[in-house]
Amino acid sequence: MKRIHYMAGLSRSGSTLIASILNQNPGIYASSNSSIVPLAAQLESSILMGESYNANPRPKALKNTVAGVIENYYSDRKEQYIIDKSRGVTIPEHFRCVQRNFDYRPKVIIPVRNVTDVLASFIKLVKNSKKDKKNFIDLDIERTNEINLYLSADDTRVEYLMRPKGLIDNQMYGIAFMLQKEFRKYAHFVEYDDLMHDTAGEIEKIYTFLDLPSFPHNFDNIKNVTPEKDETYGLQAMHHVRKTISKSTTDAQSILSEYAYNKYSNLEFWREALNS
């Protein structure tokens with residue numbers, strides 16, 4: 001029987017690298033970005049709100065149906081362990097959904113990084129991408145008319161990424177949720193810098209967290225075997241993985257404006273929480 005765990009955390013913090021390494025193990029399949037958990041949670045909610053279900057509740061059938069949606073999504077995979085890359089799994093109602101509908105307790109790998117480095121990485125991607133195809137950030141800014149005339153284009157992009165209920169804000173909310181006492185044991189945090197400086201050690205910690213036996217990974221021949229079409233996002237090489245371990249040369253202070261760097265520095269609240 002397959003065991004399905006998850007990867008969430010902050011964007012641009014090493015999740016693609018972790019997945020690429022874990023995929024060297026023939027017993028593990030670490031996916032690209034997936035939206036199956038939000039869909040399963042939406043299905044559960046729809047059924048529970050239905051008049052016909054409330055007239056004749058069938059809790060076991062509901063549980064099997066919701067879990068089956070996620071399991072069937074990976075029915076084409078032979079690996080015993082699935083790592084579903086789902087940023088949305090740490091949304092409270094989504095994580096509670098996977099917790100109550102599986103007979104085991106799914107766990108979540110949470111890559112994290114300095115918030116300013118995350119933002120700088122996105123801005124760097126925008127600058128290095130084709131100018132004839134708009135990226136998802138600029139497209140959504142135009143769609144929602146969030147163009148700010150007194151900020152630069154890059155600062156507007158940063159504010160878009162950090163806006164309430166936006167991309168990074170939702171991810172940070174999910175991190176805070178998983179730090180709660182009730183859920184903390186189901187989360188394992190991986191700092192980007194630690195992953196770069198001691199890759200083998202950090203990967204071994206993931207195996208320990210998932211209760212899996214160690215595997216002899218090759219850190220000199222890393223390949224992304226679950227690539228995504230980055231043109232969908234309008235950002236070139238968004239999920240590119242280097243063959244060998246090397247930290248991105250992104251210098252947040254030289255890429256972000258003084259305004260953006262100062263505003264979003266020192267937001268890494270999880271570090272104090274994990275050390276307390």
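Helix H7 (136-144), helix H8 (153-162), H9, helix H12 (252-255), helix H13 (258-263) and helix H14 (269-275) are among the elements that cover the buried residues of H6. This is a predicted model. H6 is mostly covered, with eleven of its 14 residues buried.

**Helix H6**

- The buried residues of H6 include Val115, Thr116, Asp117, Val118, Leu119 and Ala120.
- Ser121, Phe122, Ile123, Leu125 and Val126 of H6 are buried too.
- The length of H6 fits a helix: at 1.5 Å a residue, its 14 residues should span 20 Å, and its end C-alpha atoms are 20 Å apart, which agrees.

- Phe95 touches Val89, Pro106, Val108, Phe177, Met178, Phe183 and Tyr186, leaving aside residues up to four places away in sequence.

**Helix H4**

- Helix H4 covers residues 59-73.
- At 1.5 Å a residue, the 15 residues of H4 should span 21 Å; its end C-alpha atoms are 22 Å apart, which agrees.
- H4 has a kink of about 25 degrees, centred on Ala67.
- Ala67 is buried, as are Leu62, Val66, Gly68 and Ile70 of H4.
- The cover over the buried residues of H4 includes strand S1 (3-7), helix H2 (36-49), helix H3 (51-55) and helix H5 (92-101).

- The largest pocket has a volume of about 1100 Å³.
- It is lined by 45 residues.
- Closest to the centre of the largest pocket are Ser11, Arg12, Arg87, Met238 and His239.
- H1, H6, helix H9 (167-178) and H10 each supply at least two residues of the lining of the largest pocket.

**Cavity**

- One cavity of 30 Å³ or more turns up in a search of the whole structure.
- The largest cavity has a volume of about 40 Å³.
- Thr16, Ala19, Ser31, Ser32, Lys85, Asn224, Thr226, Glu228 and His239 line the largest cavity.
- H1 and S2 are the elements that give two or more residues to the lining of the largest cavity.
- His239 lines the largest cavity, and His239 is also among the residues closest to the centre of the largest pocket.

**Met196**

- Met196 sits in helix H10 (residues 192-197).
- Met196 counts as buried because its relative accessibility is 10%, under the 20% cut-off.
- Met196 touches Leu17, Ile245, Ser246 and Lys247, leaving aside residues up to four places away in sequence.
- Met196 and Arg100 are 96 residues apart in sequence and 35 Å apart in space, C-alpha to C-alpha.

**Asn25**

- Asn25 lies in the loop between helix H1 (15-22) and strand S2 (28-33).
- Asn25 is buried, with a relative accessible area of 11%.
- Tyr207, Phe215 and His217 touch Asn25, leaving aside residues up to four places away in sequence.

**Positive phi in loops**

- Most residues other than glycine have a negative phi.
- Lys165 has a phi near 70 degrees, a positive value in a residue other than glycine.
- Lys165 is in the loop between H8 and H9.
- Lys165 counts as exposed because its relative accessibility is 63%, over the 50% cut-off.
- Asn266 has a phi near 60 degrees, again a positive value in a residue other than glycine.
- Asn266 is in the loop between H13 and H14.
- At 72% relative accessibility, Asn266 counts as exposed.

Definitions and conventions. Residues are numbered from 1 along each chain as its sequence is written. This is a predicted model: local features need pLDDT of at least 70, side-chain atom pairs count only at pLDDT 80 or more; totals for chains, interfaces and linings use all residues. Side-chain values use heavy atoms; hydrogens and water are left out. Helices (H or I, at least four residues) and strands (E, at least two) are DSSP runs, numbered from the N terminus. Buried means under 20% relative accessible area, exposed over 50%, partly exposed in between (1.4 Å probe, protein chains only). Contact means heavy atoms within 4.5 Å. The expected span of a helix is 1.5 Å times one less than its number of residues. The bend at a residue is the angle between axes fitted to the seven residues ending there and the seven starting there. On a 1 Å grid over the protein atoms alone, a cavity is a set of points where a 1.4 Å probe fits but cannot get out, and a pocket is an open set with protein on both sides within 12 Å along at least five of seven lines; lining residues have an atom within 4 Å of a point. Grid points are joined across faces, edges and corners, and a volume is the space filled by probe spheres set on the points.
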